[in-house]
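Here is a friendly walk through a few packed elements of this model. Please keep the structure open as you read.

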Amino acid sequence: MNVQAKVRKKHIPTEKEADFLSKVQNAKYDRQIVTGLQKFMDGKVDDDMKDFYTEEELAEIAALKGTNRDIEARMPVKMTRHYFERARVSPSVRTLVKASPAETFDLAGSEDPGKQMSYSPVEGLIHKYELGLIYVAGTCSAHCRFCYREELIAKKEIVREDGSIQAKGLAQIPELVEYIKEHNKIVDENGGRHPETGRERLREILMSGGDPMVLANKGIASWWAALSEAGIESIRLGTKELAFFPDRFDDSFFQMMDDFHEAYPETRLRFMIHFNHPDEFLDKDEDGNYIPVEGGGLKWVESTGRAVKEFGKRGFVTLDNQAPIIKNISDDPDAKRIMQRELRRAKVENHYFFCGRDIVGHKAFNVPIEEAWNILNTSQRGLSGVEAHARLSITHYYGKTEVVAVTNEPIPGVPHAENGVVIFKLLRSAEDAPKKGQVAIVGRNPDAIWFDDYKDRVISDEAGLFSIKA
């Protein structure tokens, strides 16, 4: 049978792109990554890592190998030396990166609760709002055990909109540039709205994955230049590398970023960073206490603090932290208060905290919605207004939704409000904007982890959050 291989398109850089890319230098990094549990089982890790798992823990995980509860099939194990050093002195950080049999005790949940594949017109692109999210890397320097992109990281096959079953692929520059230009051309020809979706121009792209910072400088630079040439006004880059391997943000990276700004001064860069706990970036003394700095604030891990200060010197780039609230990792209000205050001191905006998603194999990590709201609300007591900007968000099929309030008092005469109510507000609509700001009010359910858990107690739903299966 004559099978024709798919011909991959090639991106031809403009003269301006080529000039910028000619200045970019790659550097070599030694992350000292440990991949897989077998090295722990065989004792082939550094001596100081050998007690990271007990023999009993390894035996319990090994017994699940090849079953439907296989821990590494759900999410491969991966850890940098830098993150191991943080994990040694922090139970929360250790839980984030250490595999546990509890991860697959309860496999209930959806493979795609936000129905993201409904918004994927091009391989590797999720197009919602005026923003597109692209997968540009299939791994990170280390793997969070709660990661909800486990289907990409573990290369799992998923059911697509057309019924086919295949793994998610990464975005490619030629196809994405072509889509952006065509979408924006149609929008411009139709009075500023796409005639089918109602969306405005695609003007922001979030590079994600996986972590784009595992790419070499030339790879990142190629994306930035191509997106800017395609008319993208703001490029976001989602990364946890400041926690996993902060030395990645070295002189060669900042030089590349400066050269990009010189070539494309109108394109804004926004780094969406990911700290779950202050132990990821603050030093501790021998007694396990954070270390005050004379004049105010707490002592940062040297390499992390250095990188954040370098970002702060550049007015054309912003840092925003956003992270999920995860059981036994980031559900301590006191730690969260310290994190928000220290990040704001370092010019990092506290953007969103997220509720967990109702994903297969995620039950070990989920904090109920109402408990997550209470954790964030409690953590922000005592913070100033600028330190407490973060909101609690949960992603509905219709778009990003804020958990605005959870009340405790009954509302007499209102069915389902005997124990108080929960108020949701649609922050962004996945397609056009008319639903923005609309709310839904439901009776409380302290065990709820997803919208479906409130469907039997809806009081008001102008946003339509409960009229479809979320």
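The buried residues of helix 5 pack against strand 2 (78-79), helix 6 (91-97), helix 10 (241-244) and helix 12 (302-312), where contact means heavy atoms within 4.5 Å. Helices (H or I, at least four residues) and strands (E, at least two) are DSSP runs, numbered from the N terminus. This is a predicted model, in which local features need pLDDT of at least 70 and side-chain atom pairs count only at pLDDT 80 or more, while totals for chains, interfaces and linings use all residues. Residues are numbered from 1 along each chain as its sequence is written, and side-chain values use heavy atoms, with hydrogens and water left out.

Buried means under 20% relative accessible area, exposed over 50%, and partly exposed in between (1.4 Å probe, protein chains only).

In helix 5, the buried set is Arg-81, His-82, Tyr-83, Phe-84, Arg-86 and Ala-87. From strand 8, Ser-234, Arg-236 and Gly-238 point one way, and Ile-235, Leu-237 and Thr-239 point the other way.

Strand 8 also has a parallel partner, strand 7 (residues 204-208), with four bridges between them; pairing requires that DSSP finds at least two bridges. Leu-206 has Arg-236 of strand 8 as its bridge partner.
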